[in-house]
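Here is a short briefing for a reader new to this structure. Look at the sequence and the model, then take the topics in turn.

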Amino acid sequence: MAQEAREEVNKRLHEVAQSQAELLGEVVPLPSKIADLEAATVTSKTYQKKLEDQCVDQEQTLGKTEVALADKTDECSRLTTENTSLQAKVQELISALASKDQEMTAQAANFKVAEEKLLREAATSFAEGFAEALVQAACANPGIDVSGCCPEAKWLMKK
């Protein structure tokens with residue numbers, strides 16, 4: 001029995017030794033794996049810091065862009081208001097110009113009528129003066145023939 005117990009203990013020791021060897025085989029690569037994991041952690045932390053920095057930069061850029069957008073929106077609103085005001089002024093000026101155009105057209109027509117009236121009056125006055133001059137010439141020179149005289153100045157047209 002002692003022999004059997006000894007064999008049992010040896011067998012058990014052998015199993016424990018094998019188990020210990022297996023565990024030792026698993027434990028030996030663990031420091032290498034831990035070192036790899038620590039290196040990966042450092043790389044991940046570096047990458048995370050880089051991403052955080054990029055996020056901060058993007059947030060700053062976004063803030064500047066939002067401010068610029070607000071400024072441009074304000075400027076657009078101001079320009080739209082100014083454009084509306086200028087369009088109203090343009091319409092007023094167009095209306096005033098149309099009114100002046102009508103006034104000038106009417107005035108031109110009135111001038112044309114007045115010019116024609118003055119020309120008729122001048123022609124009538126000239127014809128009357130010419131006829132009076134012929135009468136005076138006939139009185140001053142009783143035998144003179146003035147029948148060929150006419151008030152038209154054809155000799156002026158030839159020049």
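The side chains of D53 and K49 meet in a salt bridge, 3.1 Å from N to O. A salt bridge here is a side-chain nitrogen of Lys or Arg within 4 Å of a carboxyl oxygen of Asp or Glu. This is a predicted model: local features need pLDDT of at least 70, side-chain atom pairs count only at pLDDT 80 or more, and totals for chains, interfaces and linings use all residues. Residues are numbered from 1 along each chain as its sequence is written, and side-chain values use heavy atoms, with hydrogens and water left out.

**Salt bridges**

- A search of the whole structure finds four salt bridges.
- Side chains of opposite charge can pair when their charged atoms come close.
- D53 and K49 both lie in helix α2, four residues apart, about one turn of the helix. Helices (H or I, at least four residues) are DSSP runs, as are strands (E, at least two), numbered from the N terminus.
- D53 counts as partly exposed because its relative accessible area is 34%. The classes are buried (under 20% relative accessible area), exposed (over 50%) and partly exposed (in between), with a 1.4 Å probe and protein chains only.
- K49 is partly exposed too, at 47% relative accessibility.
- E82 and R78 form another salt bridge, with 3.2 Å from N to O. Both residues lie in helix α2, four residues apart, about one turn of the helix.
- E82 is partly exposed, with a relative accessible area of 37%. R78 is partly exposed at 46% relative accessibility.
- In helix α1 (residues 2-27), E15 and R12 are three residues apart, so about one helical turn separates them. Their side chains meet in a salt bridge of 3.7 Å, N to O.
- Is R12 buried or exposed? R12 counts as exposed because its relative accessibility is 51%. E15 is partly exposed, at 37%.

**A nonpolar surface patch**

- Which residues form the nonpolar patch on the surface? V27, L30 and I34 do, with about 250 Å² of accessible area together.
- Patches are made of residues with over 30% relative accessible area and no salt bridge; like charges are joined within 9 Å, nonpolar side chains (Val, Leu, Ile, Met, Phe, Trp, Tyr) within 5 Å.
- Accessible areas come from the Shrake-Rupley method with a 1.4 Å probe; for residues, only the protein chains shown count as cover.
- I34 lies in helix α2, which spans residues 30-140. I34 counts as partly exposed, since its relative accessibility is 47%.

**Cysteines**

- How many disulfides are there? The count comes to zero, where a disulfide is a pair of cysteine sulfur atoms within 2.5 Å.
- For C150, the closest cysteine sulfur is in C149, 8.0 Å away, so the two are too far apart for a bond.
- C150 is partly exposed, at 38% relative accessibility. C76 is also partly exposed, at 47%.

- A127 is found in helix α2. Its relative accessibility is 36%, so A127 counts as partly exposed.
- A127 and P151 are 24 residues apart along the chain, with 6.4 Å between their C-alpha atoms.
- A131 also has its place in helix α2. At 40% relative accessibility, A131 is partly exposed.
- A131 and C149 are 18 residues apart along the chain. Their C-alpha atoms are separated by 9.6 Å.
- L134 is placed in helix α2. Not counting residues up to four places away in sequence, L134 touches V146 and C149. Contact means heavy atoms within 4.5 Å.
- What separates the C-alpha atoms of L134 and Q107? The distance is 40 Å, for residues 27 apart along the chain.

**Confidence**

- The protein averages a pLDDT of 88, and 94% of the residues score at least 70. pLDDT is the predictor's confidence in each residue, from 0 to 100.
- Among the elements, helix α2 has the highest mean pLDDT, 93. Helix α3 (residues 154-158) has the lowest, 48.
- Over residues 155-159, pLDDT stays under 50. The model has zero contacts beyond four places in sequence for residues 155-159.
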